[in-house]
Amino acid sequence: MNNIETDRIICGDCIEEMKKMPDQCVDLIFADPPYWLRVDGVLHRVNGNQYDGCDDEWDKFSSIEDYKKFTKEWLSQCKRILKKNGSIWVIGGMQCIYTIGAMMQELGFWFINDVIWFKKNPTPNFMGTRLNNSHETLIWAIKDQKDSYTFNYKTAKELNTDTVSEKAYAHGIRKQLGSVWKIPLCQGVERIKDKDGQKLHSTQKPETLLYRIIAINSKINDIVFDPFGGTMTTAVMAKKMGRRYLSIERDETYCEYGQKRLDNTNISVGNIEKAIYDTKPPRVTFEEMISNGYFTVGEKMYYQGKPYYYLTKEGKLYQENINETIDIHSGIAKVKKSKAKRLNGWDYWEVCRDGHLILIDTIRQKYLKETKGYEQN
Ligand SMILES: C[S@@+](CC[C@H](N)C(=O)[O-])C[C@H]1O[C@@H](n2cnc3c(N)ncnc32)[C@H](O)[C@@H]1O
């Protein structure tokens, strides 16, 4: 695999700098490119104050062709430097995300999801001339349809506070993470200020947004790359979460403030960062557990208090009267008259221990803990 020097900011043009990088050298890309907002003149709030939205030089392009050319160049480089099993996330508003998305498809990226970042506290439409624009879109894509990619599915569930109430979450309820993320705009102490106490960057992204992406899409020590670093939100969150980082930014002032922000960032790696919810248990066979005395050949296998089968020495289910041998997963599907051919037998079958019925998965977990030191979360 191609090695690169990580944990640093490169101050320069991202297209030129990416050209110097080897093929397939980063695991995860987060790109927050210029929006090309096309803001002309000065916007005012209803009270007459000037609105400090994004009218920065870096956001200016001369034409749609110009923007498309730029988009194609940086996306092509991203595709080249992204590892085969890596992911790219691109964020943008209505002014740019459709152009970017179309270009990504032209370049052969394969879309996994688009995510709506629903801003809990959006900037108002001061003049009341259109709907309040309260979201941005993120595209999550991979290099090729055939590629596999890191997805910490259970970790994503742990992060889902969008569709699970605080009370339900505290009671252990978890639901699949959806594609609408409710996250406030970057504000308060998180917002980087310049020497005059004014916000340094007009489009600094919230750390929570990057936290989610890095948590669900990468592993400890992976390389997280950002071609449009800005205030270095991506690099900061990658460092905090025990990943390596590399960010490019053209503006020297942003690089300087970003470096300070990084220097003040401590690493803090917990269960989410380690994705321990997604750790697969070591594989064990029934035969192994039988030979270690955790199950007994010939013992009865129960479902909802009723014995259906006997356990064979191969860890299968046997029913004498119909002379049938079946695996635990197909067996439970049959007993439950399920439309599916197989269900997870570990979640249903029980055996009798000391006069009580116990789920076979409880015994499997006991075996894993006592013999392999593995504990389920
Ligand atoms: C939308 S902002 C990114 C903000 C960043 N995600 C954050 O949280 O602070 C885009 C950034 O890209 C930088 N930029 C624009 N064109 C660039 C280029 N060709 N190479 C490197 N940086 C560029 C701009 O200076 C700007 O800071």
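How many of the residues of helix 7 (residues 233–240) are buried? The helix is mostly covered, with eight of its eight residues buried. A residue counts as buried if 20 or more other C-beta atoms, placed from the backbone, lie within 10 Å of its own.

This is a predicted model, in which local features need pLDDT of at least 70 and side-chain atom pairs count only at pLDDT 80 or more, while totals for chains, interfaces and linings use all residues. Residues are numbered from 1 along each chain as its sequence is written.

**Helix 7 and its cover**

The buried residues of helix 7 are Thr233, Thr234, Ala235, Val236, Met237, Ala238, Lys239 and Lys240. Helices (H or I, at least four residues) and strands (E, at least two) are DSSP runs, numbered from the N terminus. The cover includes the elements tabulated here.

| Element covering helix 7 | Residues |
|---|---|
| Strand 1 | 8–11 |
| Strand 2 | 26–31 |
| Strand 7 | 223–226 |
| Helix 8 | 252–263 |

Helix 6 and strand 8 also belong to this cover. Just after helix 7, Gly242 takes a positive phi of about 75°.

**Ala215 in helix 6**

Ala215 lies in helix 6 (residues 207–217). Ala215 is buried because 20 other C-beta atoms lie within 10 Å. Leaving aside neighbours within four places in sequence, Ala215 is in contact (C-beta atoms, placed from the backbone, within 7 Å) with Asn152, Thr155, Leu159, Met241, Ile272 and Glu273.

**The ligand shell**

The shell around the ligand holds 19 residues, of which Asp32, Phe228, Gly230, Thr231 and Thr233 come nearest.

**Helices 2 and 3**

The axes of helix 2 (residues 64–81) and helix 3 (residues 97–106) come within 10 Å and cross at roughly 50°. Axes are lines fitted to C-alpha atoms, for helices over the stretch in contact, and angles run from 0 to 180 degrees between N-to-C directions. The two helices are therefore oblique to each other; angles under 35 degrees count as roughly parallel, over 145 as roughly antiparallel, 65 to 115 as roughly perpendicular and the rest as oblique. Tyr67, Lys68, Thr71, Lys72 and Leu75 in helix 2 meet Thr99, Ile100, Met103 and Met104 in helix 3.

Notes:
A residue is near a molecule or strand if its C-beta atom, placed from the backbone, lies within 6 Å of it. A residue is buried if 20 or more other C-beta atoms lie within 10 Å of its own, exposed if 12 or fewer, and partly exposed in between; C-beta atoms are placed from the backbone. Two residues are in contact if their C-beta atoms, placed from the backbone, lie within 7 Å.
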